[in-house]
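Subject: Structure handover

Hello,

Here is the structure we talked about handing over. My notes on its rings and cavities follow below.

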Amino acid sequence: MMIVTGAGREQTREELSRAVFDLLVIGGGILGTSVTWMAAQAGLRVAMVDAGDFAGATSSASSKLVHGGLRYLQTGNLKLVAENHRERRALAADIAPHLVKPLDFVVPVYKGGPHGAAKLGAGVFLYSALSAALGRIVGPRKAQELVPELRMDGLRAAAVYGDHQMNDSRVAVMTVRAAVEAGAVVLNHAEVAGLRFSRGSVCGAELRDRLDGTEFGVQAHLVLNATGPWVDELRAMEDAAAEPSIRLSKGAHVVMRRREPWKAALTTPIDKYRVSFAIPWEDHLLLGTTDEEYTGDPGQVRATDADVDQILDEAGHAVTGLSRQDITYTFAGLRVLPGGPGRVTAAKRETVLTYGRGGMLSVAGGKWTTYRHIGRHVFETLSKVLGGDHAKVLPAVPLPGMASPDAVAMRLFTDREPDARMDPLIARHLATHYGSLAFDLARLIQQDPVLGERIHPDGPDIWAQVVYAREREWAATVDDVVRRRTTLTIRGLDTPGIRDRVSALLRG
């Protein structure tokens, strides 16, 4: 695989400038990476660029869930729930079992809450039937065994159902890697300065490398605008008179230290339609989310003090002992919704597809659970424009590193002499974030044992991950590493000293 930092970036720019691609994908988030993967699998010559890092914005600011969407039952959308569950099962069993793991969810029923036990129980059993899994009702004490910090005052019962969770940044990186292994050419930190036109049709883009200022261009038969919250900005480059196609809703989250291990997550009903999640994730607790209209600069979205207050207040309906002092990280992303009137909380979560005057296809929306399905749908639309039977040859290909995390962790631990064995927590961390690719990191450690040391004593990330991120995962900035290739930032461990050493390693 091509190294993409230093001279590698220059080589990639030259390849992008020299070739004529079937498809240029602008945007490396959920949709862009999925379509690029699909197109490369189908044999197209495809390029993908992103102004920031891959999944550097909203696509790494999700609730980290691969789920059917329990709340969609409220609107009677059984077809959507069933579709979500099909994709969830495929990701967990066939595509990314090394990255997507099962997790039970507890739905507490409190006296005076928005849903009664009978109604909630019926909903969970229907949801479980659609998911091909078993749901159940448990008493307060059993619920507390699953969630030790569950508020017991007024708790009548709890429903339990199963879904999955993942680290969205790692899934994104593995998807990019899968696309490259299938033949795609990709470059992050390359922003669009303008579109190329031929006889009124969009035929590529003028780009600028944000790391060193180099300007270059890409020629393509078809251009896909998959820039998420920026989709209308790129549409305006194609046609200054283009009407807005989307609106944005902000979803904020809080990451906190966890005092006790949780065996399950919490889904707490807040009102008739909204729920609050409290999810054990990366040895911490992930709380969220909010849902409010956002009209500001997408690049400046963040979790405000008011967002944090709301999240802690809503989580406090069911979780005890929450304190701001335990917060390690806050973040926010933007849901891309169809344009139109009404509150964003009532807007449909659907993909928005628009054709521009210059022939550019713009797509926005999507979520991780169904990202393969949406990617296939968009690619089928593109195939009709490109011609041929490309869309008919798309097998269900696993993401790189597919393996049993348990088996990988055990081998990482046992492959060395007893007095030099890898810390089991580090082995487990590598296995669940890289799958069988963790053996590549083990080889780096064999060559330089210093790379096996923890980056911070309070976290499982090691220095080999930084080198691997630089050489194999397109990491070019400190934030690429500490926020999206490792778990340092979410744990609150990206100290100035660590950031300086990461920066030095990135310079090679």
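How many aromatic pairs does a search of the whole structure find? The search gives six. Please keep in mind that this is a predicted model.

One of the pairs is Phe54 with Trp474: the ring centres are 6.1 Å apart and the planes stand at 85 degrees, so the pair is edge-to-face. Phe54 sits in the loop between strand 2 (46–49) and strand 3 (65–66), and Trp474 in the loop between helix 13 (463–472) and helix 14, so the contact ties together parts 420 residues apart in sequence. Phe54 counts as buried at 3% relative accessibility, and Trp474 counts as buried at 3%.

Trp368 and Tyr371 also pair edge-to-face, because their planes are at 65 degrees, with 5.0 Å between the ring centres. Trp368 is buried at 4% relative accessible area, and Tyr371 is buried at 1%. Phe105, Tyr161 and Phe277 make up one aromatic cluster.

Two arginines sit over rings. The charged end of Arg411 is 4.0 Å from the ring centre of Phe439, and Arg501 lies over the face of Trp463 at 3.9 Å from the ring centre.

On to the cavities. The whole structure holds four of 30 Å³ or more. The largest has about 110 Å³ of space; among its 14 lining residues, Asn167, Ser169, Trp281, Arg483 and Ile490 are the closest to the centre. Its lining comprises three nonpolar, five polar and six charged residues, and helix 6 (168–181) and helix 14 (478–485) each supply at least two. The second largest cavity is about 50 Å³, with Arg257, Arg258 and Arg259 among the residues that line it.

Regards

Note on methods:
Residues numbered from 1 in each chain as written. Predicted model: local features only at pLDDT ≥ 70, side-chain atom pairs only at ≥ 80, totals over all residues. Heavy atoms only, no water. 1 Å grid on protein atoms, 1.4 Å probe; cavity = no way out; pocket = protein on both sides within 12 Å on 5 of 7 lines; lining within 4 Å. Points joined across faces, edges and corners; volume = space filled by probe spheres on them. Helix = DSSP H or I, 4+ residues; strand = E, 2+ residues; numbered from the N terminus. Nonpolar A, V, L, I, M, F, W, Y, C, P; charged D, E, K, R; others polar. Phe/Tyr/Trp six-rings, centres within 6.5 Å; stacked < 30°, edge-to-face > 60°. Buried < 20%, exposed > 50% of the residue type's maximum accessible area, 1.4 Å probe, protein only. Lys NZ or Arg CZ within 6 Å of the ring centre and 35° of its normal.
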